[in-house]
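Please read the sequence alongside the structure shown here. The paragraphs below go from the whole chain to single residues.

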Amino acid sequence: WQILEAVSLPAAGDVMDMERLEVVGDAFLKFSTSVFLYYKSLEAGEEEYRHKDEGELSRERSRVVSNRHLWQVGHILNI
């Protein structure tokens, strides 16, 4: 059911669509990136992140999950 939901388009008139799953995916990407950056700021060897406040970590998260950055990573990985 979840596979069918993931590949269904809204125009197909199905009960579910990819757009709804995209919202969940975006939220998970932001959450997991936030957790990663937070724990990176706690590591002893990560001086670059150690002294960043919440605003700076938020800006870093926005940069990491931006469409432009994700496109660049996908291009490098050939996906």
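This is a predicted model: local features need pLDDT of at least 70, side-chain atom pairs count only at pLDDT 80 or more; totals for chains, interfaces and linings use all residues.

Residues are numbered from 1 along each chain as its sequence is written, and side-chain values use heavy atoms, with hydrogens and water left out.

The protein has five helices and zero strands, where helices (H or I, at least four residues) and strands (E, at least two) are DSSP runs numbered from the N terminus. From the N terminus on, the order of elements is therefore α-α-α-α-α. Of the 79 residues, 16% count as buried; buried means under 20% relative accessible area, exposed over 50%, and partly exposed in between, with a 1.4 Å probe and protein chains only. The accessible surface comes to about 6,500 Å², and carbon and sulfur atoms hold 60% of that area, as found by the Shrake-Rupley method with a 1.4 Å probe. Among contacts (heavy atoms within 4.5 Å) with a separation of 6 or more, 21% are between residues 24 or more positions apart.

Side chains of opposite charge can pair when their charged atoms come close. The count here is one salt bridge, defined as a side-chain nitrogen of Lys or Arg within 4 Å of a carboxyl oxygen of Asp or Glu. Its partners are Arg63 and Glu60, whose closest N and O atoms are 3.2 Å apart. Both belong to helix H4 (residues 54–64), and because they are three residues apart, about one helical turn separates them. Glu60 is buried at 12% relative accessibility, whereas Arg63 is partly exposed at 43%.

How many aromatic pairs are there? The count is one, taking rings of Phe, Tyr and Trp (its six-membered ring) whose centres lie within 6.5 Å; planes under 30 degrees apart are stacked, over 60 edge-to-face, and the rest tilted. Tyr38 and Tyr39 have ring centres 5.3 Å apart and planes at 80 degrees, so they pair edge-to-face. Tyr38 is partly exposed, at 44% relative accessibility.

Towards the end of the chain, helix H5 (67–76) is hardly covered, with one buried residue among its 10. Just after H5, Asn78 takes a positive phi of about 60 degrees. Most residues other than glycine have a negative phi. Asn78 is exposed, at 71% relative accessibility.
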